[in-house]
Amino acid sequence: MAAEKSVVRIKEMEKQSSSKNLIHRPSIIKESALLRASRTKLTGSSRIFDDKPWQMKKPHQVLEEYEPTYKMKPDKLLNLSAIEKVAAEVLQKLKNDTYAVESCRQSSKTLSHLLLQKVKELGFPRYKFVCLVTIGSVEGQGMKVASRCLWDHETDNYASVTFKNSTLFAIATVYGIFYE
């Protein structure tokens, strides 16, 4: 009698476990299909990527996909004289300033950001720009500013402008790097 009960109980457990597996398997398949669909959604020629946690994106931000152009050279080279003119105009904002450590630190950041905006407005497509503004006090000292970059000498270039008044000097340098 006890043996029959245990056999019946084992059969009931097998039925329950097999019925659970049959019930849950379609839901697992549905869940995995939903997960795949939520990870990559096609919208026209754009994709939304949600499966990479290191990409901190807004919930419905669409990443545009572009076809490769295979352009290795720019249509329009950098116009250094135009960039130097813009940099000189930006540095003229320091004309009436006096040197103070805290104010010059903030002025350097503000002027480099303003210079970057104005250089971008000149319209050099596919160029990336780096703008540096260095401000120091005039006390009869000498100063050398040096930099090294890895770049293509045919497409990449830089422009540098200096400014000086009675209490401070400023050096603005703009690097233009062609983005292939």
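Reader: What pattern does the chain follow, read along the sequence?

Author: This is a predicted model, where local features need pLDDT of at least 70, side-chain atom pairs count only at pLDDT 80 or more, and totals for chains, interfaces and linings use all residues. Residues are numbered from 1 along each chain as its sequence is written, and side-chain values use heavy atoms, with hydrogens and water left out. The chain has three helices and six strands, taken as DSSP runs numbered from the N terminus (helices are H or I with at least four residues, strands are E with at least two). Read along the sequence, that gives α-β-β-β-α-α-β-β-β.

Reader: What share of the contacts between residues at least 6 apart in sequence joins residues at least 24 apart?

Author: Contact here means heavy atoms within 4.5 Å. Among the chain's contacts between residues at least 6 apart in sequence, the share joining residues at least 24 apart is 68%.

Reader: Which residues touch the most other members of the largest nonpolar core?

Author: A nonpolar core is a set of buried Ala, Val, Leu, Ile, Met, Phe, Trp, Tyr and Cys residues joined through side-chain atoms within 4.5 Å. Buried means under 20% relative accessible area, exposed over 50%, and partly exposed in between (1.4 Å probe, protein chains only). In the largest core, which has 25 residues, the ones touching the most other members are Leu91, Leu94, Leu115 and Ile135.

Reader: Which elements give two or more residues to that core?

Author: In soluble globular proteins, nonpolar side chains tend to be buried together. Here, the elements giving two or more residues to this core are helix H2 (80-91), helix H3 (101-121), E4, E5 and E6.

Reader: Is Leu91 buried or exposed?

Author: Leu91 lies in helix H2. Leaving aside neighbours within four places in sequence, Leu91 is in contact with Val133, Val161, Thr162, Phe163, Ala170 and Ala172. At 1% relative accessibility, Leu91 counts as buried.

Reader: And which residues is Leu115 in contact with, leaving aside neighbours within four places in sequence?

Author: Leu115 is another of the residues that touch the most other members of the core. With those neighbours left aside, the contacts of Leu115 are Val86, Ala87, Val90, Cys131, Val133, Ala172 and Val174.

Reader: How many aromatic pairs are there, and why is the one between Trp151 and Tyr175 called tilted?

Author: Rings of Phe, Tyr and Trp (its six-membered ring) pair if their centres lie within 6.5 Å; planes under 30 degrees apart are stacked, over 60 edge-to-face, and the rest tilted. By this rule, there are seven aromatic pairs. The rings of Trp151 and Tyr175 have centres 6.4 Å apart and planes at 55°, so the pair is tilted.

Reader: How far apart in sequence are the parts that this pair ties together?

Author: Trp151 is partly exposed at 30% relative accessibility, whereas Tyr175 is buried at 10%. Trp151 lies in the loop between strand E4 (127-137) and strand E5 (157-164), and Tyr175 in strand E6 (residues 168-178), so the parts tied together are apart in sequence by 24 residues.

Reader: Which ring does the charged end of Lys76 sit over?

Author: A charge sits over a ring if NZ of Lys or CZ of Arg is within 6 Å of the ring centre and within 35 degrees of the ring normal. One aromatic cluster is formed by Phe124, Tyr127, Phe129 and Phe178. The charged end of Lys76 sits 4.9 Å from the centre of the ring of Phe124.
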